[in-house]
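Please read them with the coordinates open.

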Amino acid sequence: MNTLTADILIVGSGAAGGVLAATLSELTSKSIVLLEKGGHYRHEFFDQRELDMNVLYAGRQARTTLDGAIPVQGGECVGGGTTVNFALSFDPKRDVWAGWRRDFGIGPFSFERGANDFGITGLNMVSCLADVRKRINVHTPADAEINDNNRLFAAGCKAMGIPTKRFELNMIDCIGCGYCGQGCAYDRKLSTMVTYVADALRRQVKLVHHCDVQAIEVVQRGSEHAAMGVRGVVRPTARGSEKNSVEAGPLSIRAPLVIVSAGAIGTPELLQRSNHPDPHQTIGRGLVLHPSLPIAGMFDKPIVNYRGITGALYSDHFYAINGFYYECLFDHPVAASVALPGIGIEHFSLMSQYSKLAGFGVMLVDAPLGTNRVTWDESRGAPLIRYRVSESDKERLRTAAQTGIEIMLAAGAKEAVLTSEEQLGTLPAARFKNRRDAALCQRLQFLPGQTFLSSAHAQSTAKMGEDARHSVVNSRGESHQVRNLIVCDSSVFPTSCGVNPMLSIMTLARYQGKRIAYELARYGL
Amino acid sequence: MDRRDFVAGSMAAAAASLQWLRSTATLAAPGASSPAASSLTANASAGQVVFDAIARAMLPLEDPRLAAISPALVQRRAQTLFGLDRDPMIQSGLALFDELHLFQSPPPELLTAEAAYFPLDEGEHRAPNFVAARQAKDLKAFALFYQKMTPKAALFHELHLGDARTYCMLWARSALGMRRRFYQSTKSVVMAATYSMDEVWTVIGYAGPLLHFRSP
């Protein structure tokens, strides 16, 4: 049995946990342990092969909703999602955070420069965002970095009168290999693994990876519960990972302050596994996934599609009214072959011309239905992710699909393709040769598993709120039920944060990290 | 429990396990010591025949550009990557897929699992027995398929290629979520095993990893 003690224990080393570890080690002299479920893989390990690199993902990239229909992707390695994402960096949306302040009573989360939130000098969202942007080099890519796939997307949008924008990205001197999703083999993407976690390790934070946290240890005194550490198991270190800081085997850590940053699936399942009191059945409820629908197009000539910056352009033209984005993305052969429609000759007619394919995706900002819920299933030893796409979300997806097909055709595609097996009117497959046929998208039923949707932005499963009947944590991220237990990751967003969530999560983590550093006495530290 | 019941029960369990087929995490065959499971292990070779036929239907192996790819090669890779032959649930799923009469009269366990994993959809007609209504839709589609089938066969792996592809698409477009799930999973396995091969990358014009700019 490994037994450790620390002042502060952080579960998860991704967008939130990495930033918290660095911030708390920067601003305090407290001893900190950082736990990560996955391995610690460095750039030498990233071989750019899709099936090899599924070790970087939760459930080896096979975690899905209960009906198997929607892959729920999440990073499970040091750096978490930031190690495997496409570096798409959206600032937190002020209107969304203002809405949360208004509707859920949370705050302050000020976006006013110079504001002193919680009475702490200089603590506000703007300064925290600035810190994060600087540390991970958020910038706009240059013209020369835009590949053919992105240019075609822009051309299609322009022909339709739809404005596009350039993503901001957290990279430095990208070489354009095109494998952000398999971990950056060149350390040019500035994930938390190569930035904040590295900073934390330099400041003597103890990192334990390959660590399955079984439960948060909670002590009950009278009617009050308080966190006092965690227990878990350290698995043997997998091939290719850095060495671990402790031996494989059972692990017990005593710490007066426990921060859970295990992501919007990992966090609620850990709370439930720990028998965290849940008098109002709020843990895990109201899951948001940002379902995304790929749209492909076949062009006459080979284009640069999988090389270069995968996502350089997007359009938020439909966000305000319809709540979705078009974002440029492109899949490597395994992911593409699984998603493209049909089988046999029909399927091969697309795959055999892989070099002529273009792609982008719809990202839907979905509503947090109470029936969409993560629950820990003790018998299976895995989370159950119940998720159905609501009728109103399907309606918006139909609009997004139709307009997406039109954009692809307007870009000059001889054929636009939906990743769907549905029979639409007289079309033999979801392949569209003219704009008239695009209207058939209105017939899409989105039955589970028939039209391919994916998800990489799980959120909102341990919501922040000042009313304990409808939330799990307060504005400080503190559990309503268990003292000295803080949740800080995308789980605490009361609804979707409205954009690709990385910077929203990192900014929140910087904010809470600074706050905790100035409020140590609140936690008896 | 007769074989049909076991097949259906296993299929339900397989769906519940979520990661089946798509993950190497299911390598350990649960319940391998139970009598029912060992009888299925004996049927693993039958499963191979069905998987071969699925690979042949899903990939256009008749295309000369794929001359180097055989169903046996796809199956070997699928086994290495996903451990298909070691998982009795998958073997039983393959058997269920193979027997065409089970499409017409599915075992009750399959319908029970359907209700559990694919509850009534908001947009679906509110029939008192929505699972039966879904199966009725599938029966209509099957009747059309059967009418055109030449020559008639009782098992999927005996169907001619065109009919085999149509049968796969019956599953892809089934009103039953369990059937769509099976199609989606087997397609994932076949495609992942195939399109992760360097030999196939050459055919489709994908140059693969770009690692040579990395300092040694």
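1. Start at one pair of residues. This is a predicted model. In chain A, Arg166(A) stands opposite Leu313(A), which belongs to S13(A). The strands S5(A) and S13(A), the latter covering residues 313–315, run antiparallel and are joined by two bridges.

2. Now the whole sheet. Seven strands of chain A form an open sheet, in the order S5-S13-S14-S15-S12-S18-S19. The pairing is antiparallel. Strand S5 (165–166) and strand S19 (431–432) of chain A stand at the edges. Each has a single partner strand, so one side of each is left without a neighbour in the sheet.

3. A helix packs on this sheet. Helix H11 of chain A, residues 391–410, touches strands S12 (292–298), S14 (324–328), S15 (357–364), S18 (415–418) and S19 of chain A. The direction of H11(A) makes about 155° with that of S15(A).

4. Check the geometry of that helix. H11(A) has 20 residues and reaches 29 Å from its first C-alpha to its last. That is close to the 28 Å expected at 1.5 Å a residue. H11(A) is also mostly covered, with 14 of its 20 residues buried. Just after H11(A) comes Gly412(A), with a positive phi of about 105°.

5. Chain B has another make-up. It holds 11 helices and zero strands. Of its 216 residues, 43% are buried. Among the contacts in chain B with a separation of 6 or more, 75% are between residues 24 or more positions apart.

6. One helix pair in chain B deserves a look. How do H4(B) and H10(B) cross? The axes of helix H4 (residues 71–82) and helix H10 (residues 177–195) of chain B come within 9 Å and cross at roughly 100°. That makes H4(B) roughly perpendicular to H10(B). H4(B) brings Val74(B), Arg77(B), Ala78(B), Leu81(B) and Phe82(B) to the contact. H10(B) brings Val189(B), Val190(B), Ala192(B), Ala193(B) and Thr194(B). By class, the residues of this contact are eight nonpolar, one polar and one charged.

7. Last, the contact between the chains. Chain A gives 38 residues and chain B gives 41 residues. On the side of chain A that touches chain B, helix H9 (333–339) and helix H10 (344–351) of chain A each supply at least two residues. The residues on that side of chain A divide into 18 nonpolar, 13 polar and seven charged.

Technical notes:
Residues are numbered from 1 along each chain as its sequence is written. Chains are lettered from A and ligands numbered from 1 in the order in which they are written. This is a predicted model: local features need pLDDT of at least 70, side-chain atom pairs count only at pLDDT 80 or more; totals for chains, interfaces and linings use all residues. Two residues are in contact if their C-beta atoms, placed from the backbone, lie within 7 Å. Helices (H or I, at least four residues) and strands (E, at least two) are DSSP runs, numbered from the N terminus. Ala, Val, Leu, Ile, Met, Phe, Trp, Tyr, Cys and Pro count as nonpolar, Asp, Glu, Lys and Arg as charged, and the others, Gly among them, as polar. Two strands pair if DSSP finds at least two bridges between them. Axes are lines fitted to C-alpha atoms, for helices over the stretch in contact, and angles run from 0 to 180 degrees between N-to-C directions. The expected span of a helix is 1.5 Å times one less than its number of residues. A residue is buried if 20 or more other C-beta atoms lie within 10 Å of its own, exposed if 12 or fewer, and partly exposed in between; C-beta atoms are placed from the backbone. Angles under 35 degrees count as roughly parallel, over 145 as roughly antiparallel, 65 to 115 as roughly perpendicular and the rest as oblique.
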